[in-house]
Amino acid sequence: MNTQSGNSANWDLLVIGSGISGLSAAVSAATAGARVLVLERSVREEFGGNTRWTESYFRMKSDSEVSDDFEERLISNAGYNLDPNIVQEVSGEYANWPSYVKAHGMPDPELISTLSEQAGPTVQWLKGFGVRFDTLPTYFVTAAAPRLMPVGGGLAMIEALLAHAQKIGVEFRYQTTATKMERGVDDIFGVTVTGPDGRQEALYATNVMIASGGFEGNPEMLTQYLGDSAKFVRPVARGGYYNRGEGIRMALAAGAAPAGDFGSYHAEPLDPRSGATEALVMNFTYGVLINKRGKRFLDEAPGPVDVHYDHISRDIGYQPDGIAYVVFDQRIHDVPNWKKSIRTDQPAIQADTLEQLAEACGLPAAPFLRTIEEYNAACRDGEFKPLEADGLATQGLDINKSNWSRPINAGPFYAYPIIPGICFTYGGVKTNKQSQVIDQDGRPIPGLYAAGEAAGLYYQVYTGATSVMRGAVFGKIAGEHAAAGLRAKVR
Ligand SMILES: Cc1cc2nc3c(=O)[nH]c(=O)nc-3n(C[C@H](O)[C@H](O)[C@H](O)COP(=O)(O)OP(=O)(O)OC[C@H]3O[C@@H](n4cnc5c(N)ncnc54)[C@H](O)[C@@H]3O)c2cc1C
C-alpha cells in the first residue's frame, strides 16, 4: 500500500467494527453528511460483536440521569497509587495539562465527566431510532446502583442503528477484516482489509474509527497481557471471539498512547460446563467459594453482588486450575428469587452430606471439610437479611466473610463450579473527550478515532453497566467530530 503518493479517499469515515461504538459513529457521521463505510469481520447474521449478546444495562436512574455514584465509583474503582503530581495537574484545565499527562493511561476525569454528561442525551438520541428503555429486572439479587436497559438488549439497539444507517446511505462490508493501517503524509489513511475470498485490498479514507472491541478473542494477546492465567478464561458470549485486537494494535503502531489496564479484564462468574451465553452463577455471596485445594481464598460477600462479582470472578482465575466451587445448603431458599442469579443451563451438583459433595466436585475431602467446619464455627448469631448487606460476618478467620454468613450445615448440600469469563479486556488506546486518538506526546492524531472497548478507560475493577454506554456516547461523538472536521476543511 502506498499512502504517500496522493491516493484519494473514497470515504470520509471508515469504521472498523459494527458494535455499539461503530454503529453510533457511522450513524452520527452519516447524519452530518459524511460518506461512511463500515467494515465487519463477521457474517451479516452475526454482526455486532459483544453488543449483540448483552442485555445492555446502563448505569442510570432514569433515561436522562446516570446513577448517583457514577463518577465517584468510576474513579474509586480505578484503584490506588496515582501519582499526586498527575492528580494535581488533572484538576486544572485540560488545555494546560502537560503532554505527558495528556498521554498518560489513567482514570481520565475528562472522559468520565463527558460520559456522565452525555449518557442522557445519547439515550435520547438512541430513542429517536425507536429503541425503548426501561428498568427491567436484572440478575442481581442485591445491587448498589440502578440499571436501565434497552428493551430487547444490545441486539435491539444495533438493529435499529443498522436499519437507520442503511437508510441514510452508510455502506457495509461483512466478512471483511481490517488488518493493517497506515497514516499518509497527505492526511489520508490507508487500511488493508482481507475480504470474504481471503484476498487483500487497500481502502482509503480521510478518517478512521477504531471500533473493533478489545482482544478477548485472541489467546496470544490475552497471554501476552494477562499472563499464564489467560489459559483458564474464555469469552462469556460468542461475540467476544471476533474481537482479536487488530484495531488496538494498528492504532498503537500508528503512534497512539496506550490506556486502560492491559493486565486486567471485566470478568463474570461462569459455569464452565455450560455453552449457554452468559452462563452465570452469582449466588456466592450466600455461600463459600472453595478452590481445588479445598480452601477458601477471599471474602465472598464484601457488599452487594453487583459491586463485587467482577473482582471475585477474576480472583477465581488465579486459583489452581482457574476454578472454584460455590458451596451452599438448602437454606439458600431463604433468599427470595435467588434463582435469578443462576443462568447456567447445568444443574447444581447435589449431595446429602458434605463428604459426598466434596467427592462429587472432585475436591480433596479432608481440607474441604476442615474449611467448612472452621467457617461454620466462625459464623455468629444475628439477623440474616438476604436483600441488603446485613453485616452478618464471620469472626476470627484469616479471611472473614463480611455479610450473609450462616453455617453450611443444612443438607442437602449444593455446589456449582465457577470460572472467570471475559466480558471484555480493559487495555486499549488513549482518547480525548472528542474520541480522538491521542499520541504518545499528548496530541490528537488527526483523523483517527476510537471508542468502546478499543479505547482504554477502566483500571482494576469494572464499574458495572458502563461499557455499552461509553461505546454509544463516544461513538456518537466520534462521528460528529469527524463530520465537523470535514465541513471545516471544505470551508
Ligand atoms: C454477555 C455480555 C453481557 C454484557 N453486559 C453488559 C451490560 O449489561 N452493560 C454494559 O455496559 N456492558 C455489558 N457488556 C459489555 C459490552 O457489551 C461491550 O463491552 C460493548 O458492547 C462493546 O462494544 P464495542 O462497540 O466496543 O465492541 P463490540 O460490540 O464487540 O463490536 C466490535 C465489532 O468489531 C468487529 N471486529 C473486530 N475486529 C475487527 C477487524 N479487525 N475488522 C473488522 N471488524 C472487526 C467485531 O466482529 C464486532 O462486530 C456485556 C458483554 C457481554 C458479552
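**Salt bridges and a helix pair**

Mentor: D108 forms a salt bridge with K430, the closest N and O atoms being 2.9 Å apart; the term stands for a side-chain nitrogen of Lys or Arg within 4 Å of a carboxyl oxygen of Asp or Glu. This is a predicted model, in which local features need pLDDT of at least 70 and side-chain atom pairs count only at pLDDT 80 or more, while totals for chains, interfaces and linings use all residues. Residues are numbered from 1 along each chain as its sequence is written, and side-chain values use heavy atoms, with hydrogens and water left out.

Trainee: Where do D108 and K430 sit in the chain?
Mentor: The two are 322 residues apart and link distant parts of the chain, with D108 in the loop between helix 4 (99–102) and helix 5, and K430 in the loop between strand 16 (428–429) and strand 17 (436–438). Helices (H or I, at least four residues) and strands (E, at least two) are DSSP runs, numbered from the N terminus.

Trainee: Are D108 and K430 buried or exposed?
Mentor: Both D108 and K430 are buried, where buried means under 20% relative accessible area, exposed over 50%, and partly exposed in between, using a 1.4 Å probe and protein chains only.

Trainee: And what does D310 pair with?
Mentor: D310 forms a salt bridge with R314, with 2.8 Å between the closest N and O atoms. Because they are four residues apart in helix 9, D310 and R314 are separated by about one helical turn, and both are buried.

Trainee: How many salt bridges are there in the whole structure?
Mentor: A search of the whole structure finds 24.

Trainee: Switching to helices, how do helix 2 and helix 5 cross?
Mentor: The axes of helix 2 (residues 70–77) and helix 5 (residues 109–127) come within 10 Å and cross at roughly 150°; axes are lines fitted to C-alpha atoms, for helices over the stretch in contact, and angles run from 0 to 180 degrees between N-to-C directions. The two helices are therefore roughly antiparallel to each other, a label for angles over 145 degrees, whereas under 35 is roughly parallel, 65 to 115 roughly perpendicular and the rest oblique.

Trainee: Which residues make the contact?
Mentor: F70, E71, L74 and I75 of helix 2 meet I112, S113, L115 and S116 of helix 5, contact meaning heavy atoms within 4.5 Å.
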